[in-house]
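Please look through the model shown below.

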Amino acid sequence: MVAEAPPGITAGERRVLAAVGSGSAALSLAGSAFIVLCYLLFRDLRKFSFKLVFFLALSDMFCSFFSIVGDPSTTFFCYVQDYSAHFFCVASFLWTTTIAFTLHRTVVKHKTDVEDFGSIFHLYVWGASLVMTILRSIGSDYGQTGAWCWTENGSTGKVAHFMTFYTVLWGAILYNGFTYFQVIRMLNNARRMAVGISDRSNHIDSRADMKALNRWGYYPLILIGSWTFGTINRIHDFIYPGHKLFWLSVLDVLFAGLMGLFNSIAYGLNSSVRRAIAERLDMWIPERHRRWFSPWLKFRGEQQESELVSLKIEGQ
């Protein structure tokens, strides 16, 4: 049974939003679960650099799961969906900052002690997510916002939601962007120095670094692309309560739901994962069927590309 639609959204539009939100969240759930499964199955992936990606994927997986299972027609499940999804989505934002911090400390500051921050990262991410979720409950009450529940009907609840979710989100975006800018700038300087002194080995290493960093430099755009429409939608809802824009709500739930999929592709599906999968396929697939999996098997002999800390720590 479909619950009564909130002001500005018809019952039919709410069903569309629910389908779009559940579909995109299901894709993110599948992508994140794949990264989690790879980490659990392949021992050679259990390095500190990929461990951070594992916890990012785990947070995305639960964020997507609770975005799907909520039932707006039932108060209890509405609360479960809202607060659980809030907790794990905030945790996902914060795990991206730990990856950026690790890369910055390793590449820019030339430190090799990042593994000592493991327990601090957990306290920071899970503790801050819990605090933000508790503060989220201030002035909140049961309600619906299109495709899923938001316990934020009052103006105080809306402010609390924005401060404990979107402020953390855009803070993570700004921190990640600044961090990756510094890393890329330093590697650019190293490449120019290598060319200047005609040191071929350093030049090759720098080009390998830049190949990885060209991809890492786009990572802050994942959060921006996933949550820009959601941020605009929340601001619009605060200024014009009860007058929702259907097209904006569709873009909101679509791109927000795809965050886990984007993260799993960008952070998780790197050369180490592809090589680990290729090695297993090479062991399990009969010779006569291997041509069907040739795009994956070609990674079997691939040299590991420059990835996060594996370049700077595990190679030292």
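Is the crossing of α7 and α8 left-handed or right-handed? The crossing of these two helices is left-handed. The model is a predicted one, and its confidence values are given further down.

**Helix pair α7 and α8**

Helix α8 spans residues 246–257, and its axis comes within 7 Å of the axis of α7. The two axes cross at roughly 145°. On the α7 side, the contact is made by G225, S226, W227, F229, G230, I232, N233 and R234. On the α8 side, L248, S249, L251, D252, F255 and A256 take part.

**Overall fold**

The protein contains 11 helices and 2 strands. Along the sequence, the order of elements is α-α-α-α-β-β-α-α-α-α-α-α-α. Of the 316 residues, 50% are buried. Counting contacts between residues at least 6 apart in sequence, 74% join residues at least 24 apart.

**Nonpolar core**

The largest nonpolar core has 56 residues, and F93, W95, L223, W227 and Y267 touch the most other members. The elements that give two or more residues to this core are α1, α2, α3, α4, α5, α7, α9 and α10. Helix α3 provides the largest share, 13 residues. In general, nonpolar side chains in soluble globular proteins tend to be buried together.

L223 can be followed through its contacts. Apart from its neighbours within four places in sequence, L223 is in contact with F93, T96, L169, A172, I173, N176 and M259. Of these partners, F93 is also one of the residues that touch the most other core members, and M259 is one of the buried residues of α9.

Why is α9 described as largely enclosed by the rest of the structure? The description holds because 7 of its 10 residues are buried. The buried residues of α9 are M259, G260, N263, S264, A266, Y267 and G268.

**Cysteines**

The protein has 1 disulfide. C63 and C89 form it, with their sulfur atoms 1.9 Å apart. The pair links distant parts of the chain, since C63 lies in helix α2 (residues 48–69) and C89 in helix α3, 26 residues apart. Both C63 and C89 are buried. Another cysteine, C38, counts as buried because its relative accessibility is 4%, under the 20% cut-off.

**An exposed loop residue**

H110 sits in the loop between α3 (75–107) and α4 (118–136). H110 is not a glycine, yet it has a positive phi of about 60°. Is H110 buried or exposed? With 58% relative accessibility, H110 counts as exposed, because the cut-off for that class is over 50%.

**Confidence**

The average pLDDT of the protein is 78, and 70% of the residues score at least 70.

| Stretch | pLDDT | Contacts in the model |
|---|---|---|
| Residues 1–6 | under 50 | 14 contacts beyond four places in sequence |
| Residues 300–316 | below 50 | 46 contacts beyond near neighbours in sequence |

Conventions. Residues numbered from 1 in each chain as written. Predicted model: local features only at pLDDT ≥ 70, side-chain atom pairs only at ≥ 80, totals over all residues. Heavy atoms only, no water. Helix = DSSP H or I, 4+ residues; strand = E, 2+ residues; numbered from the N terminus. Buried < 20%, exposed > 50% of the residue type's maximum accessible area, 1.4 Å probe, protein only. pLDDT = per-residue confidence, 0-100. Contact = heavy atoms within 4.5 Å. Disulfide = S-S within 2.5 Å. Core = buried A, V, L, I, M, F, W, Y, C linked by side-chain atoms within 4.5 Å. Axes fitted to C-alpha atoms, helices over the stretch in contact; angles between N-to-C directions. Left-handed = near helix turned anticlockwise from the far one by under 90°.
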